[in-house]
Amino acid sequence: MTETVIIVDFGGQYNQLIARRVRENNVYSEVVPYGKALAVIKEKHPKGIIFTGGPASVYEKDAPSIDPEVLRLGIPVLGICYGAQLMAYLLGGKVVPPVAREYGRVKVESKGGLMAKVVKEGNSWMSHGDQIESLPEGFEVTATSATCPVAAM
């Protein structure tokens, strides 16, 4: 059986690049619109799910979303930018407009967890107008930047 990762498209500009990077690691990936994602995930039983970035704010009326059931399926989920903010929001965290927006190359520092196994500090490309202010229960901050208290959770 082929390993599969489902990439849930929330309108981000890097969705195809994410899919390519997954495929370069010899893992099949599919980009799926958020409105159809839960059905596809239940049908395909992927090894992992990636929530992409997107231009909206998760707290806006009619913002792209997904049934929170996807977070209870026992499948690992990686949220990138909007995707991480959406996970936080759906699980009871708080997402707000930041004091200072981040755009471009930003120094990110590991605070533990999985991030500590990847890199202690490094540069990340940031492009966001919102940030996670408070984490959902059971989550911990794993990376920060100078202006973003939750760069990874």
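Guide: Helices (H or I, at least four residues) and strands (E, at least two) are DSSP runs, numbered from the N terminus. The model is predicted, so local features need pLDDT of at least 70 and side-chain atom pairs count only at pLDDT 80 or more, whereas totals for chains, interfaces and linings use all residues. Residues are numbered from 1 along each chain as its sequence is written, and side-chain values use heavy atoms, with hydrogens and water left out.

Visitor: Which residue with a positive phi follows H3?

Guide: H3 spans residues 82–90. The residue with positive phi that follows H3 has its phi near 105°, and this residue is Gly92.

Visitor: In which strand is confidence lowest?

Guide: Confidence is expressed as pLDDT, the predictor's confidence in each residue, from 0 to 100. The chain averages a pLDDT of 90, and 99% of the residues score at least 70. Confidence is highest in E1, at 98. At a mean of 73 over residues 121–128, it is lowest in strand E7.

Visitor: How many residues of H3 are buried?

Guide: Buried means under 20% relative accessible area, exposed over 50%, and partly exposed in between (1.4 Å probe, protein chains only). The buried residues of H3 are Tyr82, Gly83, Ala84, Gln85, Leu86, Met87 and Ala88. Their cover, counted by contact (heavy atoms within 4.5 Å), includes E3, E4, strand E5 (94–96), E7 and strand E8 (131–134). H3 is thus mostly covered, and of its 9 residues the number buried is 7.

Visitor: With which residues is Val70 in contact, leaving aside its neighbours within four places in sequence?

Guide: Val70 is among the residues with the most contacts inside the largest nonpolar core. Leaving aside neighbours within four places in sequence, the contacts of Val70 are Leu38, Ile41, Ile49 and Phe51.

Visitor: What is the angle between the planes of Phe10 and Phe51?

Guide: Rings of Phe, Tyr and Trp (its six-membered ring) pair if their centres lie within 6.5 Å; planes under 30 degrees apart count as stacked, over 60 as edge-to-face and the rest as tilted. The structure holds 3 aromatic pairs. Phe10 and Phe51 form one that is edge-to-face, 5.5 Å centre to centre, with an angle between the planes of 75°.

Visitor: How many residues apart in sequence are the parts that Phe10 and Tyr82 tie together?

Guide: Phe10 is buried, with a relative accessible area of 3%. The rings of Phe10 and Tyr82 have centres 5.5 Å apart and planes at 45°, so this pair is tilted. Phe10 lies in the loop between E1 and H1, and Tyr82 in helix H3, so the separation in sequence of the parts tied together, in residues, is 72.

Visitor: Which residues form one aromatic cluster?

Guide: Phe51 is buried at a relative accessible area of 0%, and Tyr82 is buried at 0% relative accessibility. Both belong to one aromatic cluster, formed by Phe10, Tyr34, Phe51 and Tyr82.

Visitor: How many disulfides does the structure hold?

Guide: A disulfide is a pair of cysteine sulfur atoms within 2.5 Å. For Cys81, the nearest cysteine sulfur is that of Cys148, 8.9 Å away, and Cys81 is in no disulfide. Cys148 is likewise in no disulfide. The number of disulfides in the structure is 0.

Visitor: Is Cys148 buried or exposed?

Guide: Cys81 is partly exposed, with a relative accessible area of 29%. At 4% relative accessibility, Cys148 counts as buried.

Visitor: Where does Asp62 lie?

Guide: Asp62 is a residue other than glycine with a positive phi, near 70°. At 69% relative accessibility, Asp62 counts as exposed. Asp62 lies in the loop between strand E3 (48–51) and strand E4 (77–79).

Methods:
A nonpolar core is a set of buried Ala, Val, Leu, Ile, Met, Phe, Trp, Tyr and Cys residues joined through side-chain atoms within 4.5 Å.
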